[in-house]
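Open the model in your viewer and keep the selection tool at hand. The stops below are meant to be taken in order.

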Amino acid sequence: MASEPTSSHVRLVGAFAGIGSGLTKVAVGHGFDTIKTRLQCSPPGTYKSAVDCLLKTVRNESILALYKGATPPAVGWAAIDSLLLGSLHNYRLFLTQHGLAVETTPGSDVKRLTIQGHAIAGLFAGWTSALLATPMEQLKVKLQLQLQRSTADRVYKGPIDCARQIVRAHGVLGLWTGFTGSLAFRSNFFFMFGSFEALMRAFAKLDGTPYAVSIPMANFLSGGLGSFVYWIMAIPADNIKNRMMATPHDQPRLSFSATARQILAEGGVRGYYRGLGPTLLRAFPVNASAIWVYEGLMRTFGAEKTRH
């Protein structure tokens, strides 16, 4: 049974559960992510639509091309979600223990985080995860944009070679190209975890009615639906971030504002929403599955309760 949040020590249980979430995201969603990245970062007119991108990718490079760049996410998403969800759990505990953004649970005297408190914890967790996510995502983006069928024809032979070339050109800090874009993008975990908590409370109100759902099913549905809110808010920053990271290592790097102006000049406001279609198709199954795994592992590990 999950315990109450009383210890002031950093808890690692969320980090271990986050590893399962990250691996789930790669298994379910990497193919969708490849299509999204190519739509966002390829020259205008390269693809007519997400379906056109999918067909051209499979026809020209084989179906395995959908999993180009999967090695960094396989390792990276496990690490990123470990940091994201591990820090999320600790931020939730910190806010609760210090009486910040808390309220009394209806029908009891137990204190719980407000929905805004969960959102704030998500914001801080998103910023924390950007430290690790930025280099991992940069390798992924650069590998995904290589269209050559033969490995010998590609600029980057793999993630290690890609990292080596970036460091040679820009130093170690070059791996954090696009960090400002990553911070802007990951700020939207404010909306993800705020909406997730709001949806969980809505499902809890169905208890005792013919429409009641189990906690695991509520986790699954809330994670999937909350991801729609997240991506609708986050897709402009995602476009800017990915464009920053897609810049070839031997070319000058653009700032966040310069990249935003470039996208606006090329495609207008709609340019910030390139890739939204495949992103929303991917969002529900990937995030519903990942949150379901994370919350299930947290219950299995007996983690402190952060909602009531």
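Begin by selecting L12, F16, I19, L23 and F301: together they make a nonpolar surface patch with about 490 Å² of accessible area. Bear in mind that this is a predicted model. L12 counts as exposed, because its relative accessible area is 52%.

Next, turn to the salt bridges, of which the structure holds 13. Select E61 and R38, whose closest N and O atoms are 2.7 Å apart. E61 belongs to helix 2 (residues 50–61) and R38 to helix 1, so this pair ties together parts 23 residues apart in sequence. Both E61 and R38 are buried.

Now show E137 and K241, which form a salt bridge at 3.1 Å, N to O. Here helix 4 (residues 115–144) supplies E137 and helix 8 supplies K241, so the link joins parts that are 104 residues apart in sequence. E137 and K241 are buried as well.

Move to helix 7 (residues 189–204), where R201 and E197 lie four residues apart, about one turn of the helix. Their side chains meet in a salt bridge of 2.9 Å, N to O. R201 has 14% relative accessibility and so counts as buried; E197, at 1%, is also buried. Then select K36, E137, R186, D238 and K241, which salt bridges with shared partners join into one network.

Finish on helix 8 (residues 215–246). Where is its kink? Select A234: a kink of about 55° lies there, shortly before the proline P236. The end C-alpha atoms of helix 8 span only 40 Å, whereas a straight helix of 32 residues would span 46 Å.

Note on methods
Residues numbered from 1 in each chain as written. Predicted model: local features only at pLDDT ≥ 70, side-chain atom pairs only at ≥ 80, totals over all residues. Heavy atoms only, no water. Helix = DSSP H or I, 4+ residues; strand = E, 2+ residues; numbered from the N terminus. Expected span 1.5 Å × (residues − 1). Bend = angle between axes of the 7 residues up to and from the residue. Patch = residues over 30% accessible without salt bridge, like charges linked within 9 Å, V, L, I, M, F, W, Y side chains within 5 Å. Areas by Shrake-Rupley, 256 points an atom, 1.4 Å probe, with all protein chains shown as cover. Salt bridge = Lys/Arg side-chain N within 4 Å of Asp/Glu carboxyl O. Buried < 20%, exposed > 50% of the residue type's maximum accessible area, 1.4 Å probe, protein only.
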